[in-house]
Amino acid sequence: MAVVSTSIVSQLSGSKSAISSSSPPPQFSGLRRSSLNLKLDQSHSFFQLVHSHLCLSAGRSACRGVVTMGASGKFFVGGNWKCNGTKDSISKLVADLNSAKMEADVDVVVAPPFVYIDQVKNSLTDRIEISAQNSWVGKGGAFTGEISVEQLKDIGCKWVVLGHSERRHVIGEDDQFIGNKAAYALSQDLKVIACIGEKLEEREAGKTFDVCFQQMKAFAGNVPRWDDVVIAYEPVWAIGTGKVATPQQAQEVHVAVRDWLKKNVSEEVASKTRIIYGGSVNGSNCAELAKQDDIDGFLVGGASLKGPEFATIVNSATSKKVSP
């Protein structure tokens, strides 16, 4: 039988009676403060809710009965190169990736800066697909500085990263705008890596779930189908900071997002959709993170600029415990 974590128990009850007096006090994980009152349907008893969360905590074998992982059944690793690189450094990186030994049963995608997409596409092994880091919200036209979905497809992109925290919090894109971008990209058969995640102050305020669910709602309200969507949970406080969510912290959010999909989209979508983790993922921590039941891969920043280390992260798929 699964053990209810103290953070889950603290979410289920605002009273001390939910935990025996002999139990250690629950530690604040940043997901919910135990003093918050959850808006629970009155038709569900506390014990029914515990059972539900036991199912969540038990992982994929108990709750993801439709398939093991994703429509393709594969671990997913994306490399977001952000605004980095020159022709020479990218040539070196591509050469390293071309010579790296990577597990076959993993979907691998890299997102170069726009100006180098053509260079990468023409020199990178077909084993790795190309993603853009952003796209315009509709058909191209008089939109100076933007890149249209049609143009991305024309140069061989199969994916686009949308909703990344740097687009949200530096550029100022809001949930609805990001959701509309996703809808248009999918309508033109460009697959989407949909990013969600909370800032440090939001985690410390116990708003992690609220923020992630609100961002998910904007995607769900616009996404016509989920077969071509990968969700990337990236806590903003862990991106490029060297801080990383513990495997347990990441797993808790992934489980919660999957449960949100089950309740708000469908059980099948919740089971099939891959939810990957991003935030200072590297060759040293990827294996422990990959062991978590609901972490279906990674979106990698800085470490994706180092070919051998990126290959190590791809190969961490072997750490995944797949249920029979």
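1. Helices (H or I, at least four residues) and strands (E, at least two) are DSSP runs, numbered from the N terminus.

2. Before going on, please note that this is a predicted model, in which local features need pLDDT of at least 70 and side-chain atom pairs count only at pLDDT 80 or more, while totals for chains, interfaces and linings use all residues. Residues are numbered from 1 along each chain as its sequence is written, and side-chain values use heavy atoms, with hydrogens and water left out.

3. Which residues of H10 are buried? They are Thr208, Phe209, Val211, Cys212, Gln215, Met216, Ala218 and Phe219. Here buried means under 20% relative accessible area, exposed means over 50%, and partly exposed lies in between (1.4 Å probe, protein chains only).

4. Now the whole chain: it has 14 helices and eight strands, and 49% of its 324 residues count as buried. Its accessible surface comes to about 15100 Å², with 51% of that belonging to carbon and sulfur atoms; such areas come from the Shrake-Rupley method with a 1.4 Å probe, and for residues only the protein chains shown count as cover. Among contacts (heavy atoms within 4.5 Å) between residues at least 6 apart in sequence, 73% join residues at least 24 apart.

5. Side chains of opposite charge can pair when their charged atoms come close. The structure holds 17 salt bridges, each a side-chain nitrogen of Lys or Arg within 4 Å of a carboxyl oxygen of Asp or Glu. One of them joins arginine 168 and aspartate 175 at 2.6 Å, N to O. Arginine 168 is buried, at 8% relative accessible area, whereas aspartate 175 is partly exposed, at 23%.

6. Aspartate 227 and lysine 272 form another salt bridge, with their closest N and O atoms 3.5 Å apart. Aspartate 227 sits in the loop between H10 and strand S6 (229-233) and lysine 272 in helix H12 (residues 267-272), so this pair ties together parts 45 residues apart in sequence. Aspartate 227 is partly exposed, with a relative accessible area of 48%.

7. Lysine 291 also meets glutamate 288 in a salt bridge (2.9 Å, N to O).
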